[in-house]
Amino acid sequence: MRVTVFGTYDAKAHPRVAIIADGLRAHGHEVQECNAPLGLDTATRVAILAQPWRVPVLLGTLARRWLALARAARRQPRPDLVLVGYLGHFDVRLARRLFRRTPIVLDHLIGASDTARDRQLSGRIRQVLLRAIDSGALRSADLIVVDTEEHLDALPPRHRERAVVVAVGAPRAWFDAAVNVDLGESSGPSPLRVLFFGLYTPLQGAPVIGHALAQLAGAPVEATMVGEGQDGPETRQAAATNPAVRWLDWVAPDELPSLVARHDVCLGIFGTGPKALRVVPNKVFQGAAAGCAIVTSDTPPQRRLLGDAAVFVPPGDPDALAAALLRLAEDRAELHRAREAARSLALGSFAAEQIVTPLIKRLDELPARKRAAT
């Protein structure tokens with residue numbers, strides 16, 4: 001089967017679509033890309049929602065990218081399947097017009113309205129508009145890909161039969177980063193090396209990490225905090241009393257896997273909002289693939305995916321997080337077990353060819369479903 005991966009996605013910023021594409025290749029499908037990155041990250045898109053006067057900038061940029069996509073699509077061999085990448089709420093509409101007789105898969109992952117609520121941009125009119133955007137995107141797809149059972153249940157009932165759960169997974173670079181890392185049990189006096197990376201959104205609960213790190217001042221724990229965003233200032237203020245915290249505003253995507261692999265623990269998410277309770281974040285998959293122990297919030301999707309291969313703490317609980325990190329710092333045998341368990345799970349379940357298995361099974365049903373949908 002020839003598959004066109006289509007849209008304005010940025011695979012470096014959001015590797016999800018690239019993982020799915022690699023998985024399809026691993027299963028013997030021919031994959032070609034028709035991609036014109038929009039150049040606007042999620043934070044910028046959300047900011048535009050709060051500043052409607054900037055919408056013309058978004059529309060102008062989108063129009064130029066769509067023109068490039070349309071031209072590129074005409075030059076490529078006709079696909080048997082089109083996969084629209086993450087943040088493709090508008091792109092899927094263009095795909096529907098360019099590939100009228102071709103089944104279209106939308107990597108929906110999360111709705112625009114849900115993202116706005118998580119970033120505290122609700123508002124009745126805005127939510128009505130965003131729900132309409134989500135609904136139109138879902139109607140345009142023949143198959144909808146989400147990442148957890150909770151996100152499947154959150155879809156409007158009329159769309160759930162056309163949806164499939166595909167875990168986020170980890171790119172090959174993260175597995176490769178762990179190759180030269182020694183996971184052997186350490187008995188030395190070196191401090192526990194802890195890392196968090198992210199956009200500091202409410203979902204991630206970074207201030208919880210900041211308060212936990214404040215409690216660990218003077219303990220044998222060193223932390224690296226990568227990124228910046230909405231909750232960044234509050235997180236820095238919360239952790240200000242701990243001098244063993246290093247702050248990095250940005251790390252190149254190609255350098256991040258090796259940086260994470262040099263740490264003992266990769267932190268997941270600790271938010272308490274509805275969205276935080278429905279997701280398994282990229283960093284959990286990536287940190288495990290890189291050979292780190294995973295410490296994250298005890299939520300149904302994360303518990304279901306990770307089982308005994310993570311250290312769980314209640315969402316929004318800095319005391320429990322600080323206690324868990326101190327325990328790993330003081331018990332190196334437990335740290336070794338946690339690292340080995342996470343790495344083993346990643347090798348057995350998180351690679352591209354593994355996470356796409358549910359999607360592969362559903363592709364055979366697409367022609368019948370497409371006739372039913374149209």
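**Entry 1: ground rules**

I note that this is a predicted model, where local features need pLDDT of at least 70, side-chain atom pairs count only at pLDDT 80 or more, and totals for chains, interfaces and linings use all residues. Residues are numbered from 1 along each chain as its sequence is written, and side-chain values use heavy atoms, with hydrogens and water left out.

**Entry 2: the whole chain**

I found 18 helices and twelve strands in the protein. Helices (H or I, at least four residues) and strands (E, at least two) are DSSP runs, numbered from the N terminus. Of the 374 residues, 55% are buried. Buried means under 20% relative accessible area, exposed means over 50%, and partly exposed lies in between (1.4 Å probe, protein chains only). I also looked at contacts, meaning heavy atoms within 4.5 Å. Among contacts with a separation of 6 or more, 72% come from residues 24 or more positions apart.

**Entry 3**

I went back to strand 11, residues 293-297. Five of its five residues are buried, so strand 11 is largely enclosed by the rest of the structure. Strand 10 and strand 11 run parallel and are joined by three bridges. Two strands pair if DSSP finds at least two bridges between them. From strand 10 the chain crosses through helix 12 (residues 282-289) to strand 11, in a right-handed β-α-β crossover. Right-handed means that, with the strands pointing away from the viewer, the path from the first strand over the helix to the second runs clockwise.

Strand 11 is also joined by three bridges to strand 12 (residues 311-313), again running parallel. Here Val295 stands opposite Val311. I found a right-handed β-α-β unit made of strand 11, helix 13 (residues 300-306) and strand 12.

What is the strand order in the open sheet of six strands? I read it as 2-1-3-4-5-6, with parallel pairing. Strand 2 (30-35) and strand 6 (163-165) are the edge strands, each pairing on one side only. On average, neighbouring strands of this sheet are turned by 25° against each other, direction ignored. Axes here are lines fitted to C-alpha atoms, for helices over the stretch in contact, and angles run from 0 to 180 degrees between N-to-C directions.

Three bridges join strand 5 (residues 143-146) to strand 6. Val146 has Val165 as its bridge partner in strand 6.

Helix 4 (residues 91-98) lies across strand 1 (2-7), strand 3 (81-84) and strand 4 (104-107). Helix 4 runs at about 135° to strand 1.

**Entry 3: rings**

I found four aromatic pairs. Rings of Phe, Tyr and Trp (its six-membered ring) pair if their centres lie within 6.5 Å; planes under 30 degrees apart count as stacked, over 60 as edge-to-face and the rest as tilted. Phe6 and Phe99 have ring centres 5.7 Å apart and planes at 85°, so this pair is edge-to-face. Because Phe6 lies in strand 1 and Phe99 in the loop between helix 4 and strand 4, the pair ties together parts that are 93 residues apart in sequence. Both Phe6 and Phe99 are buried.

Phe196 and Tyr200 have ring centres 5.5 Å apart and planes at 85°, so they too form an edge-to-face pair. Both Phe196 and Tyr200 are buried.

I also noted Lys283, which lies over the face of Phe197 at 5.6 Å from the ring centre. A charge sits over a ring if NZ of Lys or CZ of Arg is within 6 Å of the ring centre and within 35 degrees of the ring normal.

**Entry 4: positive phi**

Most residues other than glycine have a negative phi. Leu87, not a glycine, has a positive phi of about 65°. Leu87 is found in the loop between strand 3 and helix 4, and it is buried with a relative accessible area of 16%.

Tyr200 has a positive phi near 55°. I located Tyr200 in the loop between strand 7 (192-197) and helix 9 (206-215). Its relative accessible area is 1%.

**Entry 5: helix 9**

How many of the ten residues of helix 9 are buried? I found seven, so helix 9 is largely enclosed by the rest of the structure. Among them are Ala206, Val208 and Leu213. The buried residues of helix 9 pack against several elements, including strand 7, helix 10 (232-238) and helix 14 (318-330).
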